[in-house]
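Okay, everyone, let's get going. Have a look at the structure on the screen while I talk you through a few parts of it.

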Amino acid sequence: MTGLHALGDGLAGTLLREVVVARRTGRWDRADATLRAMARKPIASHPDQVGLYRGAPAAAYVLHTADRPAYRAQADRLDQAVTRIVEQRLTAAERRLDDGVPPRMREYDLISGLTGLTALLLHTGSSPDLLHRGLAYLTRLLTEPTSTGDAEVPGWWTTDSPRGVPDLAMLGGHGNFGLAHGVAGPVALLALAAHAGHVVPGQLEALRHTGALLTGWARPIPDGAGHAWPAHVTPDQWTAGPPPAARRTRPSWCYGTPGIARALQLAARATDEQDLQRHAEMILAGCLSDHAQPDQITDATVCHGWAGVILVARHAAADALPDSDLPALLSDVEEQFDRTVHDEPATYARGLLTGHDGVILATETTPATTISDPAGWQTCLLLDTPRSLTP
């Protein structure tokens with residue numbers, strides 16, 4: 001993702017931070033300068049080389065978040081490229097579904113795949129028909145099983161290893177539960193789209209089906225320390241079914257319990273299943289209050305660190321049921337995030353996910369403005385959508 005037009009660890013992530021700040025302050029000089037710097041090199045637009053976090057889609061996402069008249073012509077040109085990219089990617093993915101073979105990870109994940117590209121269409125509102133086609137594809141992904149060897153596996157099972165490439169040590173591929181690269185991503189996106197009024201046939205049923213699956217794979221941690229999901233499972237593990245207990249893993253936005261629990265909470269709200277929502281909020285509250293889990297966080301970034309956790313916690317607490325423990329836990333999580341940012345040496349790395357731009361966004365955005373921000377910049381994290389999308 002590195003480069004001028006990369007959202008995760010490049011200058012596009014810096015521009016995202018700058019436009020969010022500019023929308024609040026009215027001062028656009030820094031954002032204008034960064035956009036000029038990005039324009040000095042051609043932007044990637046080949047369907048095989050781009051995704052929400054790289055190339056033309058990443059730049060389009062940022063310019064739409066800015067919602068600035070001076071950027072509109074550039075945003076319109078990028079929308080044309082995005083339409084072509086998504087149409088080609090969807091056509092290939094639909095053909096693969098028809099053939100009944102498992103996908104590569106990058107076909108559907110948030111970072112490079114159609115979950116991210118469909119999130120972009122939801123964010124921009126520029127092509128509702130194509131958005132609905134993307135939602136229909138993700139619905140099929142969650143509901144149409146495939147196979148690997150002699151085992152039937154869900155349609156989101158990937159032929160890749162967790163590194164996103166084929167691996168002789170994992171010939172059967174793996175099932176990934178994470179928000180950034182696994183099934184929690186399509187779940188969160190389908191739920192956010194439903195909340196914004198975009199529902200295609202089978203979408204809510206897909207959320208109910210996958211919500212039940214995620215619930216079954218959230219296993220108790222010994223010693224009464226809550227529940228957790230495995231980051232991924234092998235074909236043998238899938239055939240054996242959920243284990244009796246889970247081990248503590250690093251809580252994170254990308255792979256860990258916070259991101260998956262938020263996706264499950266969103267699915268429950270979209271399908272009006274309060275028991276499921278209560279269960280998702282219980283899992284997240286248990287993760288945040290079990291110090292042995294947050295103690296595994298070693299940095300302040302969005303992807304693996306405290307910035308991602310606090311962003312998840314803010315949104316989940318704002319949407320929580322009246323009897324949830326999440327709102328009461330939020331102040332402690334805010335203190336842990338603030339302490340980490342204060343104690344961690346300054347980093348000059350760029351980017352939303354692994355650089356200082358995401359940390360600054362989480363730091364400078366208060367809990368109240370995180371939830372009410374009309375720009376909805378956190379759609380790219382599958383945490384929320386712009387306020388203007390809510391019917």
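Let me start with a question: which residue forms a salt bridge with arginine 17? It's aspartate 357, and the closest N and O atoms of the two are 2.7 Å apart.

Quick background before I go on. This is a predicted model, where local features need pLDDT of at least 70 and side-chain atom pairs count only at pLDDT 80 or more, while totals for chains, interfaces and linings use all residues. Residues are numbered from 1 along each chain as its sequence is written, and side-chain values use heavy atoms, with hydrogens and water left out.

Now, salt bridges. Side chains of opposite charge can pair when their charged atoms come close. The rule here is a side-chain nitrogen of Lys or Arg within 4 Å of a carboxyl oxygen of Asp or Glu. By that rule, the count is 14 salt bridges.

Back to our opening pair, which links distant parts of the chain: arginine 17 is in helix 1 (residues 11-25) and aspartate 357 is in helix 15 (residues 356-364), 340 residues apart. The cut-offs: buried is under 20% relative accessible area, exposed is over 50%, and partly exposed is in between, using a 1.4 Å probe and protein chains only.

Next pair: arginine 104 and aspartate 160 meet through their side chains in a salt bridge, 2.5 Å from N to O. Arginine 104 sits in the loop between helix 4 (72-99) and helix 5 (105-108), and aspartate 160 in the loop between strand 2 (151-153) and strand 3 (175-176), so this pair ties together parts 56 residues apart in sequence. Arginine 104 is partly exposed at 37%, whereas aspartate 160 is buried at 0%.

One more pair: aspartate 167 and arginine 163 form a salt bridge at 3.8 Å, N to O. Aspartate 167 is partly exposed, with 26% relative accessibility, and arginine 163 is exposed, with 64%. There's also a network: Asp98, Arg140 and Glu144 are joined by salt bridges that share partners.

Let's move to helix 6. How many of the residues of helix 6 are buried? Eleven of the eleven in residues 114-124, so helix 6 is largely enclosed by the rest of the structure. Among those buried residues are Leu114, Gly116, His123 and Thr124. And what do they pack against? The answer is helix 3 (56-66), helix 4, helix 5, helix 7 (128-143) and helix 8 (184-195), where contact means heavy atoms within 4.5 Å. Just after helix 6, glycine 125 takes a positive phi of about 65°.

Now a couple of single residues. Threonine 340 lies in helix 14 (residues 326-343) and counts as buried at 19%. Not counting residues up to four places away in sequence, threonine 340 touches Asp299, Ala300 and Trp306.

Leucine 11 is in helix 1 and is buried at 8%. Leaving aside neighbours within four places in sequence, its contacts include Leu4, Met38 and Arg350.

Last stop, the largest pocket. A pocket here is an open set of points on a 1 Å grid over the protein atoms alone, where a 1.4 Å probe fits and there is protein on both sides within 12 Å along at least five of seven lines; lining residues have an atom within 4 Å of a point. The volume is about 480 Å³, counted as the space filled by probe spheres set on the points. The lining has 21 residues, and Trp229, Pro230, Ala231, His232 and Arg247 lie nearest the centre. Strand 6 (232-233) and helix 10 (235-240) each supply at least two of the lining residues.

Note on methods: Helices (H or I, at least four residues) and strands (E, at least two) are DSSP runs, numbered from the N terminus.
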